[in-house]
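Biologist: I'm new to this one. Can you put it up and walk me through it?

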Amino acid sequence: MAAVIEVKDIVKEYVVAKKESGLRGALKGLLFPDKKVVRGVDGISFSIQPGEIVGYIGPNGAGKSTTIKMLTGILHPTSGSIRVCGISPQADRKAVVRKLGVVFGQRTQLYWDLRLGESFELLRRIYQIDVSVYEENLNELSRVLRLEEFIDTPVRQLSLGQRMRGDLAAAMLHSPSVLFLDEPTIGLDAEAKHAIRSFIKEMNRLRGVTVILTTHDLDDVEQLCDRLVIVNHGKVVEDGPIDALIGKLTPRRMLVIDLQEPRDDLTHPAAEIVKQEGLKVWYQFEKSRISAAELIADLSRKLPIQDLSVKEPDIEDAIREVYKGPSA
Ligand SMILES: Nc1ncnc2c1ncn2[C@@H]1O[C@H](COP(=O)(O)OP(=O)(O)OP(=O)(O)O)[C@@H](O)[C@H]1O
Ligand SMILES: [Mg+2]
């Protein structure tokens, strides 16, 4: 199948003023600004198939928003190539915009002074959406996002959660086949987050929309994404199915036991005691070295165990490993 998005070795350099300290430095900077080049994105490649929901994640400053802006044609890469639905966003922004829906959680594409419904109508004209398509879409979007309650409210009076639902609808009015979401759940309460996630799933299921999602909320990732592309310092550091990433990045598991009485023969050759508090002991062990069942069997032969639990690493543990960087 042809990829919907094909990104090859893109680089984005920003030129920023170099600041020197002190008054003299500030004045010098004002008169003879010293420039330096920062690489916001430093050679990123990936390709995305139709219907995928991909989490594009990484720590602050990793290059996520810069990538999304290049994919949507807002920014031009310094080098490298991008194809979205076969189109270069830089060569033909107009054509690519018809294929894309974009939501930046930090900012709105609605019009503050208009009612929500009027904002949609204006977008219909700007995007030249066929009236029947528009009406059908708006009906469906109203139903899924429950927009009726505030469709006649001026955008400036909407709560953040309502505004985000409005923004998502706005991004889908022209039936795009790809949706870029940059932190769509930022600042929302649990219920609003749930509404947004259900909407994303619905659009993917009903319309086969391909989704690229940037977020710092790991519940978004866990509930929505099949695959993660993790970036750090402008480069892709991991790319794969979530389960595989967890398994690869966090080979260690934790066994916690509660003893019936204090003991001092706690050690096991295949596990490391990482913590001990009263009668509670935490063992860390490598999955590949010993199974949880074996470890439990060994320990219970020599220790009076009251209770125990095994903690599987989750997506949060995996991501912490990546952000930490390669371990020494
Ligand atoms: N307009 C700009 N001018 C100069 N440098 C920029 C500009 N925009 C981004 N950068 C730099 O490029 C790098 C990547 O920024 P980007 O906004 O893409 O990160 P991000 O992954 O979206 O981070 P966050 O999670 O904080 O949103 C950062 O070092 C940032 O300071
Ligand atoms: Mg960002």
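Biologist: How far apart do the C-alpha centres of domain 1 and domain 2 lie?

Modeller: They lie 45 Å apart. Keep in mind that this is a predicted model.

Biologist: Which residues go to which domain?

Modeller: The domain assignment gives 5–16 + 38–246 to domain 1. Domain 2 takes 252–312.

Biologist: And what does the secondary structure come to?

Modeller: The protein chain has eleven helices and 13 strands. Its radius of gyration is 25 Å, well over the 20 Å from the globule rule for 328 residues, so the chain is more spread out than a compact globule.

Biologist: What box do the C-alpha atoms fill?

Modeller: Roughly 75 × 60 × 45 Å, along the principal axes.

Biologist: What share of the residues is buried?

Modeller: Buried residues make up 45% of the 328. The chain exposes about 17,000 Å², and carbon and sulfur atoms supply 50% of that.

Biologist: Switching to strands. What is the order in the open sheet of three?

Modeller: The order is β2-β1-β4, with antiparallel pairing. β2 (34–48) and β4 (79–84) are the edge strands, each pairing on one side only. Neighbouring strands are turned by 30° against each other on average, direction ignored.

Biologist: How many bridges join β1 to β2?

Modeller: Twelve, with β1 covering residues 5–18. One pair is E6 with S47 in β2.

Biologist: Which helix packs on that sheet?

Modeller: Helix α2, residues 64–71. Helix α2 touches β1, β2 and β4, and its direction makes about 120° with that of β1.

Terms used:
Residues are numbered from 1 along each chain as its sequence is written. Chains are lettered from A and ligands numbered from 1 in the order in which they are written. This is a predicted model: local features need pLDDT of at least 70, side-chain atom pairs count only at pLDDT 80 or more; totals for chains, interfaces and linings use all residues. Side-chain values use heavy atoms; hydrogens and water are left out. Two strands pair if DSSP finds at least two bridges between them. Helices (H or I, at least four residues) and strands (E, at least two) are DSSP runs, numbered from the N terminus. Axes are lines fitted to C-alpha atoms, for helices over the stretch in contact, and angles run from 0 to 180 degrees between N-to-C directions. Contact means heavy atoms within 4.5 Å. Domain bounds come from an automatic or database domain assignment. The radius of gyration is taken over C-alpha atoms; the globule rule is 2.2 Å times the number of residues to the power 0.38. Buried means under 20% relative accessible area, exposed over 50%, partly exposed in between (1.4 Å probe, protein chains only). Accessible areas come from the Shrake-Rupley method with a 1.4 Å probe; for residues, only the protein chains shown count as cover.
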